[in-house]
Amino acid sequence: MLEPILQSLREVEGVQGAMVVDPTAVIVAHRAHTIYDVTVLQQVARAVVSSIDSVQLIQDDWDMLTAHFGDGKLLLRSLRVSGSRPRRYILAVIADSTLNVAFLGVALRVAAGKLLTELEAAPVASAAGSAAASGAAVPGAMATGTGRLPLAEASRPELARTGLSWTGTSTGSGVGSSDVGVTDPASSTFLSACTKALAASIGPMAKVFVKEAVRKVCGERPFSRNDGPALLAHLAAGIEDRDDRATFQRATRSL
Amino acid sequence: MSNLPQIAKTQIAKLPEVVALVVTDDAGALLESSGDIDGEALGAVHVVTTQALARCGDALGLGPLHRVAVAGPRRACLISVHDREVLGIYLDPTRPIGVFEKKLELALRR
């Protein structure tokens with residue numbers, strides 16, 4: 001039973017709500033002030049998963065994220081479930097400005113331990129399913145904003161491992177100037193143009209996705225212009241929105 | 001804060017806890033970076049992260065997003081939002097992030 005554990009967090013002064021979210025933005029359990037109805041919480045769950053998708057690109061072993069807003073705080077704690085099928089949930093705590101973060105820290109550690117025990121005991125498929133049966137879970141989907149490239153679970157650590165060890169000039173003009181090896185200047189130019197075209201669809205994360213795609217297509221060897229078609233196909237396949245995918249394909253046709 | 005890149009470079013980057021930092025505009029374009037990082041790539045990630053969290057704040061009525069602290073065993077990161085600029089700071093994880101947040105507030109006078 002996850003709800004009593006979340007209720008214990010609700011009892012900390014300043015806490016307005018708490019919920020457990022799975023990696024696909026399904027709310028596994030929640031306890032929140034009535035102003036935060038299921039629709040609002042589902043919206044928040046999608047944004048939380050989206051933000052964690054990004055954070056894991058730079059820090060795959062994150063434990064705790066604290067977001068400070070003008071009128072309150074949102075605290076996210078990673079719940080890594082071990083066992084035969086490891087998976088990761090997120091404990092989200094919504095608080096107003098009266099929250100004492102130190103007090104919550106203690107309650108959060110205790111709650112996280114208990115939640116992990118409960119989640120580890122539950123079968124993978126039924127963690128959300130059983131909660132749904134009791135009315136606690138909210139069906140949801142991956143936060144797939146227009147044109148967003150979904151990150152495969154297995155691909156995250158590859159990027160995250162690089163994290164701070166990414167090398168390259170901070171003022172470099174293209175992907176090729178960074179840690180993705182290229183065979184010649186033409187290949188570097190190709191990657192820069194590819195990043196620019198992708199940015200029109202998915203925004204500033206384009207460079208990150210191009211780097212990841214190069215690693216997938218080329219492995220350890222440097223990228224060469226001959227890998228271009230495979231790279232473009234890989235990137236296009238990852239763009240979910242049909243219009244955005246078509247725009248990307250048009251923009252890269254002449255490369 | 002119109003001179004954030006300058007403050008970041010001349011003051012914040014010199015604080016002993018700081019391993020690296022990057023300043024971008026709110027579209028993810030690199031304005032300044034310091035330390036051994038790919039500022040372009042990480043800066044974009046910071047912006048996307050803050051945008052997603054700002055959506056959480058909007059939905060929950062928590063007001064504008066000011067700051068994000070990410071803690072982990074190998075590194076710590078602080079992302080600070082200033083009008084149309086985003087400052088991402090990578091810190092020595094062995095030092096308390098709360099103390100640094102106070103130093104940063106002083107440096108930025110916010």
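Predicted model: local features only at pLDDT ≥ 70, side-chain atom pairs only at ≥ 80, totals over all residues.
**Entry 1: chain A overall**

I started with an inventory of chain A and counted nine helices and five strands. Reading along the sequence, I wrote the pattern down as α-β-β-α-β-β-β-α-α-α-α-α-α-α. Chain A has 255 residues, and 45% of them count as buried. I also looked up how far apart in sequence the contacting residues sit. Taking contacts in chain A between residues at least 6 apart, I found that 60% join residues at least 24 apart.

**Entry 2: the sheet**

Next I asked myself in what order the strands of the open sheet run. I noted 10 strands, in the order β2(A)-β1(A)-β5(A)-β4(A)-β3(A)-β3(B)-β4(B)-β5(B)-β1(B)-β2(B), with antiparallel pairing. The edges are held by β2(A), residues 27-32, and by β2 of chain B; each has a single partner strand, so one side of each lacks a neighbour in the sheet. On average, and ignoring direction, neighbouring strands of this sheet are turned by 10 degrees against each other. A reminder to myself: strands of a sheet pair through backbone hydrogen bonds, in either a parallel or an antiparallel way.

**Entry 3: where the chains join in the sheet**

Strand β3 of chain A, residues 64-69, pairs with β3(B) in the antiparallel sense, and I recorded six bridges. Which residue of β3(B) is the bridge partner of Ala67(A)? That partner is Val68(B). Phe69(A) has Leu65(B) as its bridge partner in β3(B).

**Entry 4: the side of chain B that touches chain A**

I widened the view to the whole contact between the chains. Here 41 residues of chain B are in contact with 43 residues of chain A. On the chain B side, β1 (18-25), β2 (30-34), α2 (39-60) and β3 (65-71) each supply at least two residues. The largest share is that of α2(B), with 16 residues. By type, I sorted this side of chain B into 26 nonpolar, eight polar and seven charged residues.

In chain A I looked at helix α3, residues 101-121, which lies across β1 (15-21), β4 (72-81) and β5 (87-96) of that chain. Helix α3(A) runs at about 35 degrees to β4(A).

**Entry 5: His46(B)**

I picked out one residue of helix α2 of chain B, His46(B). Buried or exposed? His46(B) counts as buried because I find 27 C-beta neighbours inside 10 Å, and the cut-off for buried is 20 or more. Leaving out residues up to four places away in sequence, His46(B) touches Thr24(B), Ile79(B), Val86(B) and Gly88(B). I also checked Val70(B), which is 24 residues along the chain from His46(B); their C-alpha atoms are separated by 11 Å.

**Entry 6: two helix pairs in chain A**

First I took helix α1 of chain A, residues 3-10, and α3(A). They pack at an angle of about 175 degrees, with their axes 10 Å apart, which means that α1(A) is roughly antiparallel to α3(A). Ile5(A), Ser8(A) and Leu9(A) of α1(A) meet Ala107(A), Ala111(A), Lys114(A) and Leu115(A) of α3(A). This contact has five nonpolar residues, one polar and one charged.

Then I took helices α8 (228-238) and α9 (242-252) of chain A, whose axes come within 9 Å and cross at roughly 160 degrees. So α8(A) is roughly antiparallel to α9(A), and the crossing is right-handed. Leu232(A), Leu235(A) and Ala236(A) from α8(A) meet Arg245(A), Phe248(A), Gln249(A) and Thr252(A) from α9(A). I counted four nonpolar, two polar and one charged residue in this contact.

Note on methods: Residues numbered from 1 in each chain as written. Chains lettered and ligands numbered in written order. Axes fitted to C-alpha atoms, helices over the stretch in contact; angles between N-to-C directions. Helix = DSSP H or I, 4+ residues; strand = E, 2+ residues; numbered from the N terminus. Parallel < 35°, antiparallel > 145°, perpendicular 65-115°, else oblique. Left-handed = near helix turned anticlockwise from the far one by under 90°. Contact = placed C-beta atoms within 7 Å. Nonpolar A, V, L, I, M, F, W, Y, C, P; charged D, E, K, R; others polar. Pairing = 2+ DSSP bridges. Buried ≥ 20, exposed ≤ 12 C-beta atoms within 10 Å, placed from the backbone.
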